[in-house]
Every structure is written in C-alpha cells, then in structure tokens.
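The exercises below ask the reader to work through a structure step by step, each task being followed by its solution.

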Amino acid sequence: MQTDRVIHVVSAHAEGEVGNVITGGVAPPPGDTLWQQRDFLARDGSLRRLMLNEPRGGVFTHVDLLVPPRDPRAAMGFLIMEPEHTPPMSGSNTICVATVCLETGIVPIAGDETRFQLEAPAGLIEIVADTRGGRVNAIEIANVASFADRLGAALEVAGLGTLTVDTAYGGDSFVIADAAALGLALTPDEARDIATLGARITAAANAQLGFSHPREDWGHISFCQFAGPLRRDGATLSGANAVVIDPGKIDRSPCGTGCSARMAVLAARGEMKPGETYAARSLIGGRFDGRFTAAAPVGDRPAIAPRIRGRAWLTGTHQVMRDPADPWPEGYRLSDTWPILPQG
Ligand SMILES: O=C([O-])C1=[NH+]CCC1
C-alpha cells in the first residue's frame with residue numbers, strides 16, 4: 001500500500017443528508033478567521049475535490065473540516081464543503097458535526113443534556129444536545145439571524161414563464177418557490193424533476209434577482225427551496241419542502257438553513273409569530289423542528305433568531321488515502337451523476 005494522504009473521517013447523516021466530518025489528517029487552512037479559512041477552501045478547491053469527487057465521494061455528500069475555533073467560547077470550529085459551495089452555515093452539517101464531536105468524545109457528554117458552542121464561518125452556534133443514556137438522541141442548534149430579502153418577486157424561467165418567488169437568508173441564501181404552483185406534490189418520484197428545475201430556478205434568480213448579505217461577504221443565491229403547503233395546528237405549522245443544492249441534488253434533510261429562511265419569510269408576512277414552530281418534512285420523510293424564538297434584527301433589517309432541532313447518526317469511520325500512482329489524484333466526476341451547473 002502506498003499513500004501520501006491519510007485523512008481521518010467520521011461519516012454521518014442528519015435526517016438523511018450526509019455530512020462527513022474530517023477529524024484529523026488535514027492542517028487548518030490559512031486565514032485569521034473561519035471566514036478567511038472558508039475563502040481559502042472555496043478558492044483552492046483541492047480538499048473539496050479530493051473528498052467529494054468520485055471515487056471517495058459524490059454529489060450526494062458534504063464534508064466538514066474540524067478546525068481550532070477562533071472564538072474562545074467555542075469547543076470546536078468547522079468549515080463546510082458542499083458539492084459546489086463553501087457556505088457560512090448549514091443546519092444538517094452542524095447537526096452532524098455536533099453529533100460526531102459528542103459521540104467520539106471530542107466534546108464530552110455531560111449527563112442528560114449537553115450544551116456547548118461550535119463556531120461556523122457565520123459565527124457562534126449554540127448546541128443543545130439531548131444526551132440521555134449517554135448517546136446523542138437529538139441536537140438543537142441556535143442558528144444565525146435569518147431574514148427575508150425579497151417577497152413576491154417576479155422571476156422569468158425559460159419554459160415556465162414568470163414565477164412569483166421569495167428570497168431569504170437562513171445562514172445561507174435561498175430563492176423560495178411555491179411547489180403547488182409548479183404542480184409539484186414533493187413526492188420522492190418527482191426528485192429528478194425537482195433537482196433539475198431547482199437548479200435552473202437558482203441560476204435564473206442569481207441572474208435576475210441576486211442576493212447581498214448586509215454584513216457577510218455573501219453575494220449569491222445558493223439554493224432553490226420548493227415550499228409545500230402548510231397546515232396549522234395551534235402554534236405549529238407543518239409542511240414539506242425540497243431544497244435543491246447546486247449543481248442539482250436535493251437535500252435529503254428538511255434543510256436547517258432552508259427552514260430558517262422559510263420561517264423568516266413567514267414572519268415577514270405575519271404568518272408566523274415568536275414562539276411558534278415549523279415542523280418540516282423532507283422528500284424522504286426526514287424531520288426538522290424549527291422554532292421562531294424571537295426577532296433579531298440584522299442592522300436595520302428585520303430578522304429572526306431561529307432554532308432547528310433534528311437527529312444525526314454515525315455511519316462509519318474512514319481513513320481516506322491517495323496513492324501517488326493514482327492517475328486521478330483529485331478524483332473525477334461525470335454529468336450522469338454530477339449535474340453540470342446551469343447558467344442563468
Ligand atoms: O441543513 C442545511 O442547512 C443544509 N443541508 C445541506 C445544504 C444546507
């Protein structure tokens with residue numbers, strides 16, 4: 001056996017969405033802040049290609065790199081690599097990272113409930129873990145401030161005509177379209193169509209609407225979220241969503257940043273009040289419980305402080321290697337399983 005890399009990975013999924021965690025073998029990227037480290041990973045791309053390209057990964061995977069935190073209140077920092085983007089924050093990835101940290105002892109379990117902080121490029125994320133019985137039963141995260149950007153914007157999409165969409169930020173940026181208006185029931189058999197359509201809507205939204213965070217250097221729309229109908233039962237709104245991740249695959253979880261963005265839009269429309277919850281379902285039946293805890297303005301922009309609760313499970317440990325004689329040292333991808341990113 002020959003290898004010039006040994007990267008230690010604990011693999012996991014959160015409500016169905018893969019979030020593999022690099023626990024060793026990779027030096028922290030250059031940068032004085034996690035955002036600068038994030039920038040480096042996004043520009044350099046070599047770690048993403050090694051871990052997410054075939055034969056070591058695939059368009060269905062994300063990988064999270066543990067790094068020393070910069071904020072002394074955080075137990076650990078982490079950098080998120082999705083198939084195309086290196087985002088400020090991600091709900092399913094945070095739940096995977098928190099679960100891996102607890103179940104491998106990086107963060108000690110402290111009785112029935114374990115509280116700690118993680119640091120993402122977007123900032124400190126409070127973690128409340130249900131650790132009854134000495135294992136992780138669920139993770140609740142206090143996500144970053146989330147806000148609606150545009151409500152009821154017109155969007156021209158070739159072959160579909162003019163859609164009415166919302167855009168919002170929930171730790172990452174979304175264009176949100178009404179699933180029913182597009183004839184989508186959000187059932188698993190629609191997955192390929194949803195993924196293809198969603199990638200086209202994201203590209204059109206970037207070309208026609210755009211996004212700019214008032215504080216963060218985040219100037220594009222990352223995802224299209226198809227929002228299913230909501231049913232209200234007292235203080236709880238229940239419904240499905242499907243979030244399409246560039247270059248065109250569906251989040252198997254209900255998408256924590258997507259739920260946060262959707263709650264921000266509901267709040268902006270007066271359709272959700274502080275203290276109410278959003279029980280979100282994904283195409284495979286994964287569930288996140290979102291809670292609109294309070295208003296949390298971002299500068300002069302109305303915003304909410306969302307919390308997301310979900311479960312993750314470990315699926316294995318791996319030592320990722322690279323043989324110097326491998327003719328594909330950074331792996332490979334083909335559009336039959338890794339779609340080509342549509343242009344606007
Ligand atoms: O839960 C989340 O926010 C996400 N899951 C995959 C992409 C973003």
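## Exercise 1: Salt bridges

The structure holds 18 salt bridges, a salt bridge being a side-chain nitrogen of Lys or Arg within 4 Å of a carboxyl oxygen of Asp or Glu. This is a predicted model, in which local features need pLDDT of at least 70 and side-chain atom pairs count only at pLDDT 80 or more, while totals for chains, interfaces and linings use all residues. Residues are numbered from 1 along each chain as its sequence is written, and side-chain values use heavy atoms, with hydrogens and water left out.

Task: state which residue forms a salt bridge with Glu-17, and what the pair ties together.

Solution. The partner of Glu-17 is Lys-249, and the closest N and O atoms of the two are 2.6 Å apart. Because Glu-17 lies in strand E2 (residues 17–18) and Lys-249 in strand E14 (residues 249–250), the pair ties together parts that are 232 residues apart in sequence; helices (H or I, at least four residues) and strands (E, at least two) are DSSP runs, numbered from the N terminus. A further salt bridge joins the side chains of Arg-307 and Glu-126, at 3.3 Å from N to O.

## Exercise 2: The domain interface

Task: describe the contact between domain 1 and domain 2, beginning with the bounds of each domain and ending with the polar contacts across the interface.

Solution. The centres of the two domains, taken over C-alpha atoms, are separated by 23 Å. To the contact, for which heavy atoms must lie within 4.5 Å, domain 1 brings 30 residues and domain 2 brings 31 residues.

The next step concerns area. About 2,300 Å² is buried between domain 1 and domain 2, and carbon and sulfur atoms give 55% of this area; buried area is the accessible area (1.4 Å probe) that two parts lose on being put together, summed over both. Of the area that domain 1 buries against domain 2, 25% is supplied by Glu-15, His-85 and Asn-143, more than by any other three residues.

The last step concerns pairs of residues. Four salt bridges are found across the interface of domain 1 and domain 2, and 12 residue pairs, both at pLDDT 80 or more, are in polar contact there. A polar contact is a pair of N or O atoms within 3.5 Å; within protein, one must be able to donate a hydrogen and the other to accept it, and residues adjacent in sequence count only if both atoms are side-chain atoms.

## Exercise 3: Polar atoms at the ligand

Task: find how far polar atoms of Gly-91, Asp-251 and Thr-257 lie from the ligand.

Solution. For Gly-91, a polar backbone atom is 2.8 Å from an oxygen atom of the ligand. For Asp-251, an N or O atom in the side chain is 2.7 Å from a nitrogen atom of the ligand. For Thr-257, a polar side-chain atom lies 2.6 Å from an oxygen atom of the ligand.

## Exercise 4: Backbone geometry

Task: locate the cis peptide bond that joins Glu-54 and Pro-55, the cis bond from Asp-246 to Pro-247, and Leu-186 with its positive phi.

Solution. Most residues other than glycine have a negative phi, and most peptide bonds are trans. Between Glu-54 and Pro-55 the bond is cis, with omega about 5 degrees, and Pro-55 belongs to the loop between helix H2 (46–52) and strand E4 (63–67). From Asp-246 to Pro-247 the bond is likewise cis, with omega near 5 degrees, and Pro-247 sits in the loop between strand E13 (236–245) and E14. Leu-186, although not a glycine, has a positive phi of about 60 degrees and is found in the loop between strand E11 (173–178) and helix H4 (191–208).

Note on methods: Domain bounds come from an automatic or database domain assignment.
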